[in-house]
Amino acid sequence: PDYKAGCPSCSSIADGFNGIVVHLENHDVAFSAVSRASLAKLQAFKQRMGWTFPWASSNDGEFNRDFSVWFTEEEQRNGTIEYNFRREPPAPEPLAGKTVQEWRGNEGPAAQIAAMTGTDVPTYTRDRPGVSAFVLDDGVVYHTYSSYARGLDGLWGVYQWLDRAPLGRNEHG
């Protein structure tokens, strides 16, 4: 909800799974993307991108927090973020307006992507990618699987192609 534009990284992931819903349904699997923005904002972006998958808003709920893909500014400050099964160090003050190098102490694309979404690095990095699976068994929903960060690479269609290209992902670091 804090972004002025869609995240290019997350959009690329969504491009990779757009169009698979009918194939999943043929195997008795339901699919939905879930994001914290309002449903109206999600639907407008979905239309702009030409996506057809179901997309739900968790803006009024705790879904993203419950599955460790959204964090508060206080958690960033205190170093209590647990993402991808790791505890992150505290972010130095003040967070707002700082580049990733200034508040996290390392190089990375977060500052560039944050600028593309119209926000700062701390706000951008409070929302993270993740995938979870559930099963409905005898009226009870069970959480059966979650993966985060590079664990989503298998769903990110373009990476499967780049990993087989001569220069790979053309990344450094």
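This is a predicted model: local features need pLDDT of at least 70, side-chain atom pairs count only at pLDDT 80 or more; totals for chains, interfaces and linings use all residues.
R36 is buried, because its relative accessible area of 12% falls under the 20% that sets the limit for buried, with exposed being over 50% and partly exposed in between, using a 1.4 Å probe and protein chains only. Residues are numbered from 1 along each chain as its sequence is written, and side-chain values use heavy atoms, with hydrogens and water left out.

What does the side chain of R36 meet in a salt bridge? The partner is D127, at 2.7 Å from N to O, where a salt bridge is a side-chain nitrogen of Lys or Arg within 4 Å of a carboxyl oxygen of Asp or Glu. R36 lies in the loop between β1 and α3 and D127 in the loop between α8 and β5 (130-137), so this pair ties together parts that are 91 residues apart in sequence; helices here are DSSP runs of H or I with at least four residues, strands are runs of E with at least two, and both are numbered from the N terminus.

By this rule there are eleven salt bridges, and another of them joins R128 and E88, also at 2.7 Å from N to O. R128 lies in the loop between α8 and β5 and E88 in the loop between β4 (86-87) and α6 (100-104), so here the parts tied together are 40 residues apart in sequence. Both R128 and E88 are buried, and salt bridges with shared partners also join R150, D153, D163 and R169 into one network.

R128 has a second contact to show you, since its charged end sits over the ring of Y83, 4.9 Å from the centre; the rule asks for NZ of Lys or CZ of Arg within 6 Å of the ring centre and within 35 degrees of the ring normal. R169 likewise lies over the face of Y159, at 3.7 Å from the ring centre.

Turning to the rings themselves, the structure holds 14 aromatic pairs, meaning rings of Phe, Tyr and Trp (its six-membered ring) with centres within 6.5 Å, called stacked when the planes are under 30 degrees apart, edge-to-face when over 60, and tilted otherwise. One of them is F53 with W55, a tilted pair at 5.8 Å centre to centre and 55° between the planes, and F53 and W55 are both buried.
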